[in-house]
Structure formats: structure tokens, C-alpha cells
Amino acid sequence: MPIDSRMTAVLSTDRALARTAAHEVAGRLVGAVGSVLAGRRDQIEVVTACVLAGGHLLIEDLPGVGKTLLAQSMAAAVGGSFARVQGTSDLLPADVVGSLAPNAEGLGLHFRPGPVFANVVLFDELNRANPRTQSALLEVMEEGRVTVDGAGHPVPTPFTVIATQNPIEMAGTYPLAEGVTDRFMAAISLGRADADEEVDVLTGRRGRTQLAEVSRVADLNALLVARESVATVHLAEPVARFAVDILRATRTHPRIRIGASTRAGVSMVALGRAFALMDGRDHVAPHDITRAAGCSLAHRVVVAGHERGAADELVAECLAAVPAPRR
Amino acid sequence: MRLAGVARGAGAYVAAWVGAAMIALLTGATGVVILLAVGVVSAVAAVLAGPMALRRAEVHSLATATVATAGDDLAWVVHASAPRPVHAVVRLHGAEVASGWLADGTTMLSGHAPRRGVYDTAEVVWSTAGRLGMVWWRRRGRFTFAPLHCGPVPAERPAPAVRAPDDLDGPVATNDRAGHDEVDGVRQWRDGDEVSTVHWPSTLRIGEFVVRQRTREHDEQWVVSARSGTGDPDTEAAAVRRALDDCMARGSSASVQLDGGDPLLLPTSAAVVQWCAAFEPVVERVRRPPFWRRDLGGRDPEPDSTLRPAGRWAVAAAAITPMAMLLQPLGYGLFHVAVVVAALAAGALVTTRTRDDERLKRQLLGLLMGLIVGATLVDPSAITGVMTAMRFLMPQLLVTLCVVQGFECTDRRGARVALACSALLTAYASGVRVDTALGGFMLTAVATLAFASQAITSPDRRQRGTADEPATASTSARGAIVRTGAVIVAVAAVIGLLAVVPVPRGPAQLTLPSWLSERREVDATGELATATGSPLLGGPVQGGGARTGAGAGGYPGFSNSMDTSLRGDLGDEVVLRVRAPAADYWRGQTFTQFDGRSWTVESFAGGEGNEGPDHRIPPADGDLAYPGEPDFIQTFYVEVDMPNILFAAPRPMRVLLDATVWYRPDGALRADVVLPAGSAYTVLSHRADTTTEGLRADGDLSNLTVPDKYLQVPESTSDRTIALARELSLGSTPTYDTIVAIQEWLGEHVEYDLDAPVPPDGADAVDHFLFESQRGFCEQIATATAIMLRSLGVPARIATGYVPSDRDEIAGVWISRARDAHAWVEVWFPSFGWVAFDPTASVPFAGESPAHTIGGELVQALVNVVADHLTLIVGVMVGGAALLLTIRVVAAWWRRRRRGRWGVLQDRFVAAAVARGAATTAPNAELADAFDDELAAMVARTLDECAFSPSWHDDEHRFHDVDAAVTALEHAG
């Protein structure tokens, strides 16, 4: 046996082991968050996949459905630091990323990190922050570092921004620019828990009261390893083409003014990989892509005529129009 | 559901049908009538195909963009269910805005945006002509959709716009120096202003924070004024849009002010378009012009008139059979057919390879090819008159015209004209041909025409929807069953239609066929003359006493003297084909004098013959006068060289033959030419309305005033012959029943035998036959009957000729072979004249022959064919089934080879899921949801792994598990 193929065999065994570990991590994360947040298993899985894929998440929903709780419990479960920013119109970029402050000795300035220097950042009501502040997030979300006064400051890894916005109450808000929405790997709406689960919340069996009980189910290193494993999930050529066809379908749909970008495709595939890993597979199947497309495309496409809420429907139409690859 | 119209070129079919009907009238050919029925059934099928396809095609919903500019490209998303593609047109207020073919599911139709306005309902008209593509039917529906605001095209000149006064609540002041902004004042500090913009001098002076007010272009606000009631809202809207768009392009915010009212802020360009679209809407329905101002041809219902090369070649192929079918019986050989086929191919090649604008080139080439074909086919020397022109010029002309038309056949209309020409040629050939190959030719021609007429309209692969779906295996089998069923129904309809069509009486009087393939005159003034070289017929008895009489193959009945004990060695060759509505005796000669061994023809003085070609035959001896026109038309097609005897059904009254003819008193007709093979002549006879009751009513037949020659009995007639005759007449006067009794006695006591012994020299032939050998053939049976009747005083004579043995139901002709040469008795009845009696041939009396219909005859022929070739048919069916099975097995093997065993499993899984309502485009996991079964999830997972996993390894165990699971899923529910 030539040396390189032996190496490949060894490597693939290692990868398989790593994937198994990642699969376990993912399962524990889902379990931990699920113990706090009532029901909505599907959304919890998307959040977990998003964290595993190294993306950021946008939650669009009404107040009081558990957006913050979800972010907090995720932070608690991964055992990282947690920070929270409340979006208001007078929030300045410096309030988010940090600013230069005088040294204690009074000589010169030193960088005082802002709240984004945490593993899980919850940016509540992002659309209430003014565009300038929103834009301040662009760099940190894409590159994982903050530049203040010409000096770069990397944020801790893993780094996940979970932003929320209220889609109904639009007065006094700044709609997110396309550049900002494009930075989010997935957008979900939590929806309401069903009746039994609400009873759980009211009686204290679930919900915020349980947040303290969430134990760290994974350390940050395990999460980083899991992220690497996600990248090793195999994406077969036909599946990649399928993803491209979906993107193209959004670009040619008559009711979509601006279709999904290539970055959207990257997010979709990364999310699909995470889904595959969470399902314990070493390859991305077409339904991973369709599932990922469902939550990673709708917030990025610009619907003609500004029909909010139609995007989900249109993306579903695009999905239905593209034949899935099979054996 | 309404009729949308008939595809262009349908008129050619109608014309071809009418032409074929004319041919049927002129020729009286059954084959043409069959073709006419096929045409009627095809027309009905073409009319019904549309509604049947349209019934299952339904448009469900319609959607489009919400903002557009008039005249821009605009796509429409149509959700429809359509098993076959249907064509759809989207109309807004009567104006067509999009059109295209709808597939099953969601289709995007490209079109253009309508004129300015706001639209929320559209009319969709979807139409189809089914598989046959001839008669188009349409359905319509109104659909509402999210309102489409269609703005005007911006005008050149903008509407007047003024800059709005600054309001206090301007933008936040920043220190951003980008852009060509200007400082235009100061104002009080507001939240959000940057510290660096503070105007410190003013701040210090006033004591409050004052910032530098900067205004950039995109902070400006412009108000565009619009006027209502200008009478031309479109122009006004276009001008307003131009002004608003200009503001937007500068980045300013724009408002519109209608007639000096409150300004309305339009924040986005979409809002601008919406406002302009909704501004004083002009709703104008596009109306169809009244019918008297419309184009005569009406609107072509067919959305596409292009002819694809495959269709063009099919049209050319469909023309080959009719041409060969027409040319072959006219004596053209393989060379001529090859020239015509090459010309057809050249036409197809030229029309598929040249561009549309090269029309002149095509026409010149077509003219050239027409000249070549015409020069090859037409032989001017053969044309001698109108009748020969019908035969020797018109077909050639038709073939040439069809070849020339082939060079013009570039669209579907041309293709239909070409097919109609081919159909007409088929009808022409069916009218001309009388041979047995006609049926096969007609079947081939009809099949190729049907195939070609579908090939020119069948949508190409792109319109049939997406790639090959795995579910096609079962649907194609169902389709084959449906198609076979449709063909069977069509055949049954044709036969059913023909069942009410009587067998044509004959050709029209105008075109009674008559021609001589070669004029070979003989010097015989009403006497017999043999065609030289004819192996079969005529000639006096030579080498007397030989069994074979008039040489090998000759029949002694067609000579002046017939020895009753001789019969030629007659073969199976077809001698005559007779187009006639009913079977009869085709009489050639009659014999009156009998000497105990031989019959002799009456002597005839001859003299001047009667010039043709239209001979009116006076009554011969014993014929009753008949004042009316003869109505029994027979056309004799001579297949081998014949003597100058004109065969005719008794009693001939009119003969069409371009020759001198002697009308003999004994009823025979002789010409001054022999009849070479390939000739034809027509006889019109009057058949007395003979029935059993009528004959019986004539009563006693022995006391009639007739010449003695019809009662002459030879000296040698034995007493026991006369005694037998007396006995059979039961001692009373002979009547019709006596004849029947004699025939019955002969039927019981005499054996029909072609090898009957020759009577010894000197013996009476009748006596020997009746009492010694009791074996014999028609001549002896007829002679015995005649002599017995004569001995009772009944006038009788012998006639010889042909009886029809077979009927060719397709061509509608009776076939007589050499061995059908026959002799029979003619008995004279006072009310009917000479009546033929024959116990051996089954020719019914004229008054009792059943009325035949073409359909009835076809069914009879089918039954006969099936009965005759049962083993062959069963063999072919078994063979066909085996072939089909083999094809399926090979196809399955091929599929397996191409798709792999897992691929086959995947296809089966998809088919099973789709059968349960899953979408064909869904991934495996979603297909599995259709089953609600853990097994399905396992199958989907394994199939995905097989397809996409890098670590996949094939494993017999897994394969068997999945195979079993798929089988279980296929059978579940």
C-alpha cells in the first residue's frame, strides 16, 4: 500500500472519530437548549447547526417568544462568555465594538473592548440600532475582529452573533441593509410553543427558571473541533450543483427582484453540512440543502414590491422548481 | 370549452376528401370508399382529440411581478395541471401579454408588460388540439393575482418640479465629508448629531449647542406637480414619472402633488411606479373587429407553424407509398419509382436545409425537379384520347405536382397540403388498382400518413417538460394500451361506418373504363380468333380424343365445338378481375346443337361488324326486350391474353370497347381484336329480376313457341335418359321444379370429378355419364341437364364462360381464375328469357342476391382471413408478445446497466413515492415522507448515502435489505 493512501486511511479514520464526537456535541447542545426552551425542536436544531457551522443567526419574531432565552441558553450550553446589546437609535458603534479610553495613568489611550468580545453575543432588536451601528457589526461578523483606530482586535472564538428583530413593530426602526442581512447565516422565526409546552413554562418546568440549571455540555475546544468536523462533511458534486441551481432559481424568479448571493450559497452549504453532521452522516444529502435553503435564503432575497413575508413562500417555490439530485 | 379553430392546411384535407369522393363516384372503387370512411373517422378523431386532452388540462393560478414598466419584459408564473402540454395565452383587458406552452406544474411564460394601469385579474385562454393537432379547442378562465402596477415609460420631458422648503426635522448632522455637500446654515443640536459638527462660536454666543447644518443632494426634497384632467393621463403620468425618477436618481426624496394638493411622499422607486400606474387609469378593452372586417382565414389557432426536419422527412416518407402505389399499375418500373423517390427526398432535403428567404432558389429547384420527373414519366405517344389521358396523363401530372409541391413545403400548412396530396394520390391509386396488393398498399399509405400528420405537430422534447422521469416505464405501457385501444376503436368505427355503405354499383357513366393495352386486330367476322401466344384459352379442338383438348391449359368451352368429355388442364392464374356489385355468370359463348358427344356453336353469317366504342347491343335470340337503361355495370380487367370473346353478364345491353364487335344471335359477342393482358372493357347488362317465385309462376315450360333448335335431342339419346327425365318431372308438365329436381338428382347420384372417364367411342356421352360412370364435371352435368330438359320439351342450351370464385373486398372486384372456366345450362322462361342454372357454382339469382355493404364484406373477409390463417395469426401474436417481452427485458437490462442496481432501486422508489403524491423534484428524504414508514426513511437514507457519500461501499446485505424494503413500499397501500 503506498504511503499516501495509508495516510488517507488514517486521516479518514480520524475524521470519522472527530465527526462522531461532533455529532455527540451537537446532540448535547440540542438537548441542553431544549431543556430550557419549550418545544420548537426544529428551531433549536437550526440554531445549533448555525453555531456548529460558525455562522450568525437572525431571529425574527414577536417579543416574548423566547428569543433571548434561546441565545442565553445556547451561550450557557457552550460554556462561553455571553454578552448582550440592546439596540436603540442612539446606540453608537463604539458602544458595541469598544472604544479607546484614557489609561489609568492618564497617559495615552488603551482599547476598552465592547460587548462583542464574547463567545455568544445577543444583539436585541438590531433594527432599532441606527444603520451606522448596524454597519459596525459587518466587520466583526465577517472577519471576527474589530478595528479601532487602525488596530485590529480579534474577538474570542467561537464567536456567534444572535440578533433579533421585531418584524411587526416597524416604527422608529432602521430596516436592515442587504449587506447586514447577508452576514447572517440563517434567519428563523421561533413561533409560539404549543399549549403543553406553555404549561411547562408557566409552571416553571421550563423557561428562564431553568436557565441556571443549564450545565456546560461542551467546552469551547470541543465546539471548535466540531466546527472543523463540519467542514470535512463531504459535499458531492451533484449536491453542489443542486445548491447552485437553487440559487439560480431565486435569481430568475419573476417575483424576486434580487436573488440570493454567492455568500448565501456558502451559508446554505455550510448549514447543510452542519445538518448532515447532526444527523450523523459524513455527506450532505439534498434534503440538508433544502432544509438549509429554507432558513438561509428567505431573509436575503429582495422580493419585488416589498411584500414582506412572501419571501419564504417564494423560496419554497424555487425549491419545488429545482429537481433534487438522486442516485 | 369552445372551438378555437382549425389548423392551417385543413382545407387541403377537405379538398382531398372531396377529390377522393369524386374518384369514388367516377370509378366505383370500393377501396376509395374505404379510404373515405377512414377520412371521416380521422376527422371525427381530430375533432374529439382536443376536448379529450383539454378536459384534463386545468390552469390553477397565475402570478407575476407587482411593479413593471409598460412594454418591459414581464414573466408570468402559471400553475397548471396538464398531462400533455397545452398552449396558453394571458390576456389583460383583451390584450395579449404572454403566451407559451404549459407543462404540468409550474411554468413561466415570458411576455411583456401591458399598457399603464393597475391590474389584478387576467384572462387565461388555454388551448390544445390533442395529439392530432388539427382542430383546436380552448378554455378560458379569469384569475386574480397580487396587483400588478404597470407604470408608464418615462417621458422625455419631465413634469415641473420644485424644491420643497427645508423642514426643521432634517437629517442628522455628521462630519462626513464625502459627497459634494455644502454648509448652508446652522441649527440646534439634536440627538444623533456628531460632536465634531458643533458650531462653537454660535454655541458660545447663544448658550445652546448649535451644529453646522449640512445639506446634501440626497437630503433634498422635491415636489413634482401633476395635473389631473388633462385628457391625456398617459402622457401626464409619463412626464410625472420622468420627473420623479430624476429626483430618485439624484438621491433626493420625491413627493408628488396632485393639482396643488398635499404633497405625497414617494419613498421608493416602486412607490413612484405604483403612483404613476394608478394615476387616472385608462381602461380600454381591446375588442375583436367585427367578423366582416376580420382576416378571411381567421386567426391561426396553432401557436407554432414551424415544421421540424423530422416532420418534413415523415411527410416525404408518407408520399412514397402512394406514388409507388399509383405508378406500379401504370406499368412503371423500379427505375421510375426510384426517380420519384429521389425527387421527394430532394424536396425534403432542400426545404430542411435552406433558409426561409431562399424561396426563389427552392422554386427553381422544384421546377427543375418537376421537369425531370415529368420527362421521366410522361410518354406522349400513349395518349390517344380523353380516356387514355385520364389514365396516361393525369396520374403523371399529379405525381409531378406533388414532387414540385415538396419544394414549397416549409411550414405545417405546406406539410398538410403535401399530406393531402398524398392522400389524394392514394385514393387515385385505389381507384385505378384492382389487384390484391391494394389492401397492403392502402394500409401502409394510411399508416404513414397518420404517422406523418402526427409528426408534423408533435411538440419537441423541450416542450414535453423536464428530463426523463423514472415513472415513464409504467406510463408508457399505459400509453401503449391507450393507443392500441384508440386504433382498435378507429378501425371498428371505420368498419361500422362502412357497414351502412352499400357496395358501389359501378363507375359513373362518364368514365366507364375501356382500353386496349395493345391493338391486335384479327381477321374474323364474328368468328373466334385466338390471341397468339395465349397459353390458356380458345382454339378448336386439336388432336381429338386427347384429354387436354385445346392444348395445354386451353378450355374447350371457348371454341366452336365443345367435346363434353374434355376439360383442359386449367391452372390457378387470375384471368379476369371484374369490378361489379354482385357476382354473376360472365358468359362468353352459348351452344345449341348437340350430337351426343359435342356441342357446336351456331353458325353466324358475320357481315359488317358494329363500330365502337359505344355498342348498343340488340336483343339476341330469346332475349326479352327491355326498354330501360341497363343498370348492372361490370368492368372486366383482363389479366392474361384472351381471344376475341367479350365476356359479359347476361344480358349485355351496352359494351364499351374501341373495336368492331359482332353481336351474334346466340348472345355471344366477338370483337375484331383479341384482348391482350392489361386491357379493360365495361359491359352494362340488364339482369332480369329472377326469383324462385317468379320462375315457378311461369308454370309449364314445355308448350312454348320456340325455335326447334333449342329442343333438339340427338339421335343417340338413350331411352333411360328420357325415362329419368320423365320420372323427375313426376309425370306432369315440366316446370321450374323439374329443373330443381334434375339438379337434386344429379347432386345425389353423380360425383363431381375432374378426372371422369372418357366415354367409349360411339357411346352417348349423356347416357354414359348418367348411368355408367356417374362421375363428371360441369360440362357433363350441364349437358345432361340440358338434354333431359329438352327431352321434356323445355328449351335449353349450354353457356360457357367464367364464374367468380373469389372476392377482393378491398378493391371491390371479383376474381376469376383459369380453373373457373365453366359451363352451365340456360333455360328459357317466358317472363325472364334465358335463365342460368348450375348446381355446381353458387351464383344466386339476380333477384335474390343479397345486398352487400362494404363493411359487411370487410368483416366477412376478416373472418375468412382469421379462419384461414388461424395458426399464422396465433403464431404472429405469440411472436409479437415474445418480442415485446424481449424488448422489455432488454430495456430493463439496459436500464440496469446504465443506472446500476442502486439506480434501478432509486427509480422504483421515486415511482412508488410519486404514485403516492410526492413531488417528482423532491429529494429522497421528502419522498420518504410520502410513506409515513420507517422503512422509507431507511431507504431514502441509504440511497442518499449511495449517491453522495465518499465512504459508500456496496454491500449485498444492504442491497437486499433496501430491495426488500422498496418492494414492501411498492406494495404497501
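Where in chain B is the place of B:Arg651? B:Arg651 sits in the loop between β22 (632-638) and β23 (652-656) of chain B; strands here are DSSP runs of E with at least two residues, helices are runs of H or I with at least four, and both are numbered from the N terminus.

Before I go on, this is a predicted model: local features need pLDDT of at least 70, side-chain atom pairs count only at pLDDT 80 or more, and totals for chains, interfaces and linings use all residues. Residues are numbered from 1 along each chain as its sequence is written, while chains are lettered from A and ligands numbered from 1 in the order in which they are written.

Back to the backbone. The peptide bond from B:Pro650 to B:Arg651 is cis, with omega near 0 degrees. In chain A, a cis bond joins A:Thr157 and A:Pro158, with omega about -15 degrees. A:Pro158 is in the loop between β7 (151-154) and β8 (160-165).

Next, positive phi. B:Gln774 is not a glycine, yet has phi of about 50 degrees. Its loop runs between α17 (765-773) and β28 (775-776). B:Asp932, also not a glycine, has phi of about 60 degrees and lies between α21 (924-929) and α22 (934-948).

Last, the core. The largest nonpolar core has 362 residues, and A:Leu271 and B:Val315 have the most contacts inside it. Such a core is a set of buried Ala, Val, Leu, Ile, Met, Phe, Trp, Tyr and Cys residues joined through C-beta atoms within 7 Å, where buried requires 20 or more other C-beta atoms within 10 Å, exposed 12 or fewer, and partly exposed falls in between, with C-beta atoms placed from the backbone.
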